[in-house]
Amino acid sequence: MSVGAHATPQAGTEEYLPVFTGKVLEQLHEILTRYPTKQAALLPALWLVQQQRGWISDRNMAETAEVLGLTPAYVKGVVTFYTMYHQHPVGDNFVQVCTTSPCNICGAEGVVKALLEHTGAKELGATSPDGKWTVIEVECLGACGFATPVLINDEFIEGVTSERVPELLRKYK
Amino acid sequence: MGYPHKPHPRETVVLSRYFGDPEAKTYKGWAKRGGYEAWQQAQTMAPAAITDVVKESGLRGRGGAGFPTGLKWSFMPKDKKKPHYLCVNADESEPGTFKDREIMRWTPHALLEGTAIAMRAIQAEVAYIYVRGEFTEPYAIMERALAEANAARAFGDLKIYLHRGAGAYICGEETALMNSIEGKRGNPRIKPPFPAAFGVFGMPTTINNVETLAAVPHIMKQGAAWYKAMALSNPKSTGTKLFSVCGHVQEPGNYEVTMGFPLKDLLYDLCGGMQPGRTLKACIPGGSSVPILNREESERCLLDYEGCVEQGTMLGSGGVIVFDDTADMVYQIMRLARFYAHESCAQCTQCREGTAWTTKIIERILAGQGKTSDLDLLLDLSENMTGKTICVLSDSCAAPVVSGIKKFRHEFEDYITGRKRTVLVA
């Protein structure tokens, strides 16, 4: 499973390449067997889109809607509800840092600062000029005893300190 | 503390016995450790008989509400006319709580076994395990465990599926979770109807927390009497409970103790106390949604459902957040309010507006622009956020605010009067 790696910008003028073809369509068909309704496959279907394209564009939403017999507006309503679906392209590496209270008292704000500095992303939610990094703050990652947890793409890293940040990032360069 | 580590001698390791043992993650390894024996036993029992054992054990829901598990199961229709479902709540997102994550990482088969037993008890043919989207590692481990168990045909005709969330705290609320499985926005539903009558896909549904289900195989195997006997204080709170301890203690991590264990001993003995030279200021014993305790209350508190109520708080999910004397309670309460403002599903006005206003007012106080009347305003707002909405998210925001103002009023006043330097709020 991939959360947000390898964004591919999709310009509106280019010919649209459907996501649900071949193997991905097969995966969707398998997912559909798990639920009594087609609509229930929406969250897993959106994960498939994000794995394939790095983010979920309006055209992806329209395609997903068509495949599942829903309206594009309905799909957009769901996409915008859940914070992990990207509505815009993100950097090659998507970094999520927990800054909720338990992590906050253990130095999470310093970790955020170090990440913004060492990735060159500079600003929360922005992508670094080289396109490699997007850093965001998130609410509780559910690993409060191992502060500060950082999720880089699909890799969940515990006990990150601001000092550990440069070494941690080296692996992804 | 991460695993593997040796349990503290005062822990009672039942659920956490195999935490840190990589072999226990595999189907074969789990079977070798006595796993799936309880499931085999349950298959020879009538559904009602399984429910009776769990009822007798006194097991209560470990997700936060503490509702008796056996009683919940017994609400499911006995004469089955429609499909029945089990939903497993693995959407652990309550700040301070990280126990279900550990259960799934180390003993995925304990959860699957408990799920299968519960399915038989409530006559469900399909179960969905709803894992929060950020739990990439536990999801992968559960996926592997499920594939192994299915390959061994461990569950016969029962179908167990994983369903991945996508980042929404509110989906831990049972009816929001069901909506999310149905492919909808995670908005909680008005109750009644309750899930046992009208749950996921409109069918009779039971929803249980990961830790609750992981305890079930042990109860089936060792008996209700054994489980019931584990109670240090109140006979209504039985068994063991995982407490996730985080914040300002020397050894944060998961600790499993018998219900009724003193919070003081958990903090000072098992977790090694505060950092040298520091003292305990405050503690939230049950995840961020329960009222904050001051030092005296924390040192008196017994960790079971009744013991926490006695101190004016709740056992909740067992997420223990510890603050020492360096913690700025105003800032921390703002962080918690901001969490709820971020996570509000925005259906109810009191919650959508209330959580955001609360955050803004505390931010204003921190910025040195607070007024004395702001504290009454916060309390008034909190009152309007309590007991007036579809779910308890807004009540949860009010809990730390009201208890925080009551117990640490001087810290708020220090900002308002200018005695304390203002804080730049990011």
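1. Helix α6 of chain B has 15 residues and spans 21 Å from its first C-alpha to its last, close to the 21 Å expected at 1.5 Å a residue. The expected span is 1.5 Å times one less than the number of residues. Helices (H or I, at least four residues) and strands (E, at least two) are DSSP runs, numbered from the N terminus.

2. The model is predicted: local features need pLDDT of at least 70, side-chain atom pairs count only at pLDDT 80 or more, and totals for chains, interfaces and linings use all residues. Residues are numbered from 1 along each chain as its sequence is written, while chains are lettered from A and ligands numbered from 1 in the order in which they are written.

3. Is α6(B) mostly covered or mostly uncovered? The helix is mostly covered, with 15 of its 15 residues buried. A residue is buried if 20 or more other C-beta atoms lie within 10 Å of its own, exposed if 12 or fewer, and partly exposed in between, with C-beta atoms placed from the backbone. After α6(B) comes B:Gln123, which has a positive phi near 55°.

4. One packing partner is helix α9 (residues 210-222) of chain B. Its axis lies 7 Å from that of α6(B) (residues 108-122), at an angle of about 80°. Axes are lines fitted to C-alpha atoms, for helices over the stretch in contact, and angles run from 0 to 180 degrees between N-to-C directions. The two helices are therefore roughly perpendicular. Angles under 35 degrees count as roughly parallel, over 145 as roughly antiparallel, 65 to 115 as roughly perpendicular and the rest as oblique.

5. The residues of α6(B) that meet α9(B) include B:Ala110, B:Leu111 and B:Glu113; on the α9(B) side, B:Leu213, B:Pro217 and B:Met220 are among them. Contact means that the C-beta atoms of two residues, placed from the backbone, lie within 7 Å. By class, this contact has 10 nonpolar, 2 polar and 1 charged residues. Ala, Val, Leu, Ile, Met, Phe, Trp, Tyr, Cys and Pro count as nonpolar, Asp, Glu, Lys and Arg as charged, and the others, Gly among them, as polar.

6. Helix α7 (residues 136-151) of chain B also packs on α6(B), at an angle of about 60° and with the axes 9 Å apart. That angle makes α6(B) oblique to α7(B). B:Pro108, B:His109 and B:Leu112 of α6(B) meet B:Ile141, B:Met142, B:Ala145, B:Leu146 and B:Ala149 of α7(B). The classes here are 7 nonpolar, 1 polar and no charged residues.

7. B:Gln43 belongs to helix α2 (residues 37-43) of chain B. With 13 C-beta neighbours inside 10 Å, B:Gln43 counts as partly exposed.

8. Between the chains, 48 residues of chain B are in contact with 37 residues of chain A. The largest share of the chain B side, 6 residues, comes from α14(B). By class, that side has 18 nonpolar, 19 polar and 11 charged residues.

9. Chain A has 7 helices and 4 strands, in the order α-α-α-α-β-α-α-β-β-β-α along the sequence. Buried residues make up 45% of its 173 residues. Its C-alpha atoms fill a box of roughly 50 × 35 × 25 Å, taken along the principal axes.
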